Amino acid sequence: MISIEDKIWTAIKAKGKGSIFFPSDFTSYGEVKAVGKSLERLTAKGNIVRLARGIYTYPEMDTVLGLGILMPSIEQIAETIARRDKTRIVPTGAYAMNKLGISTQVPMNIVYLTDGTPRKISIGSGRSIQFKYTTPKNLSFTNPLAMLVTFALKEIGRNNVTVDIAKQIKNVLQKEQKEKVLADKALMPAWIRTFTRQAYE
């Protein structure tokens, strides 16, 4: 008979290197406790890496530069959690500004707004992902860039948008079709809607 551990390891390899997964992905193979034990053993063998409590990865290996294990980014982890939970997320605060090129600093504690359960997940080395609840309406954007720009500008504040910040955001916006971004204008505060329109003038 094939053990639960072997079944799980086969399924993990099928997912491919760089994949992120959870114990709940393997409940069809056995009881929760048995699945957990199997993942512990696979971690101990070095086959997989535990990213946080209940979150694992089948790591990619860098054979060119000799960097060893390539860990998934915090963004990849957050997006995988959101897909599992069928929730929407958007980066906010310093991380939203980093994604738009306004800031070069990547914060240790990355904050996302979500319409799912609020929580904080420790990733190790002092890093964490925090999900803060917001109403589903706030995440009803159809265009990811429009949503990112809106929450970044909300964080910065209308009176704190410098010439350099405005220039950088406009450069990013102009890489996306005007119609796609402004399709979400009804979800933007009036001043952000005006700012976005002017970016295309």
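Colleague: Which residues are linked with E5 in a network of salt bridges?

Modeller: E5 is linked with R41 and K45 in that network. Please keep in mind that this is a predicted model.

Colleague: What do the side chains of E5 and K45 form, and at what N to O distance?

Modeller: Their side chains meet in a salt bridge, with 2.5 Å from N to O. E5 belongs to helix 1 (residues 4-15), while K45 sits in the loop between helix 2 (32-44) and strand 2, so the pair ties together parts of the chain that are 40 residues apart in sequence.

Colleague: Is E5 buried or exposed? And is K45 buried or exposed?

Modeller: E5 counts as buried, because its relative accessibility is 11% and the cut-off for buried is under 20%. K45 is exposed, with a relative accessible area of 56%.

Colleague: How many salt bridges does a search of the whole structure find?

Modeller: The search finds eight. One of them joins D85 to R119, where the closest N and O atoms are 2.5 Å apart. D85 lies in helix 3 (residues 74-85) and R119 in strand 8 (residues 119-124), so this pair ties together parts that are 34 residues apart in sequence. D85 is partly exposed, at 28% relative accessible area, and R119 is also partly exposed, at 29%.

Colleague: Which residue meets D115 in a salt bridge?

Modeller: That residue is R88, and the N to O distance is 2.9 Å. This pair links distant parts of the chain, 27 residues apart: D115 is in the loop between strand 7 (109-114) and strand 8, and R88 is in the loop between helix 3 and strand 6 (89-91). R88 is partly exposed, with a relative accessible area of 35%.

Colleague: Changing topic to the chain as a whole: how many helices and strands are there?

Modeller: The chain has eight helices and nine strands. Its C-alpha atoms fill a box of roughly 65 × 40 × 30 Å along the principal axes. There are 201 residues, of which 41% count as buried. The accessible surface comes to about 11,500 Å², and carbon and sulfur atoms account for 51% of that surface.

Colleague: What share of the contacts between residues at least 6 apart in sequence join residues at least 24 apart?

Modeller: That share is 54%.

Colleague: In what order do the three strands of the open sheet stand?

Modeller: The order is 1-3-2, with antiparallel pairing. Strand 1 (20-21) and strand 2 (49-52) are at the edges with a single partner strand each, so one side of each has no neighbour in the sheet. Strand 2 is joined by three bridges to strand 3 (residues 55-57), and the two run antiparallel. Within that pairing, V49 stands opposite T57.

Colleague: Where is L51 placed, and is it buried or exposed?

Modeller: L51 is in strand 2, and it is buried, at 6% relative accessible area. Leaving aside neighbours within four places in sequence, the residues in contact with L51 include I20, T57, M71, I77 and I123. L51 and I121 are 70 residues apart in sequence, yet their C-alpha atoms are 9.9 Å apart in space.

Colleague: Which residues touch the most other members of the largest nonpolar core?

Modeller: They are L100, V149, F151, L153, I169 and L173, in a core of 27 residues. Helix 4 (93-99), helix 5 (144-156), helix 6 (163-173) and helix 8 (190-199) each supply at least two of the core residues. Helix 5 gives the most, with nine residues. Another core lies apart from this one and has 18 residues, among them I20, A52, I89 and I123. In soluble globular proteins, nonpolar side chains tend to be buried together.

Colleague: What is I169 in contact with, leaving aside its neighbours within four places in sequence?

Modeller: I169 is in contact with I102, V149, L153 and F195.

Colleague: Finally, which residues form a nonpolar patch on the surface?

Modeller: M61, I69 and M71 form such a patch, with about 280 Å² of accessible area together. M61 is in strand 4 (residues 60-62) and is partly exposed, with a relative accessible area of 44%.

How values were computed:
Residues numbered from 1 in each chain as written. Predicted model: local features only at pLDDT ≥ 70, side-chain atom pairs only at ≥ 80, totals over all residues. Heavy atoms only, no water. Pairing = 2+ DSSP bridges. Helix = DSSP H or I, 4+ residues; strand = E, 2+ residues; numbered from the N terminus. Patch = residues over 30% accessible without salt bridge, like charges linked within 9 Å, V, L, I, M, F, W, Y side chains within 5 Å. Areas by Shrake-Rupley, 256 points an atom, 1.4 Å probe, with all protein chains shown as cover. Salt bridge = Lys/Arg side-chain N within 4 Å of Asp/Glu carboxyl O. Buried < 20%, exposed > 50% of the residue type's maximum accessible area, 1.4 Å probe, protein only. Contact = heavy atoms within 4.5 Å. Core = buried A, V, L, I, M, F, W, Y, C linked by side-chain atoms within 4.5 Å.
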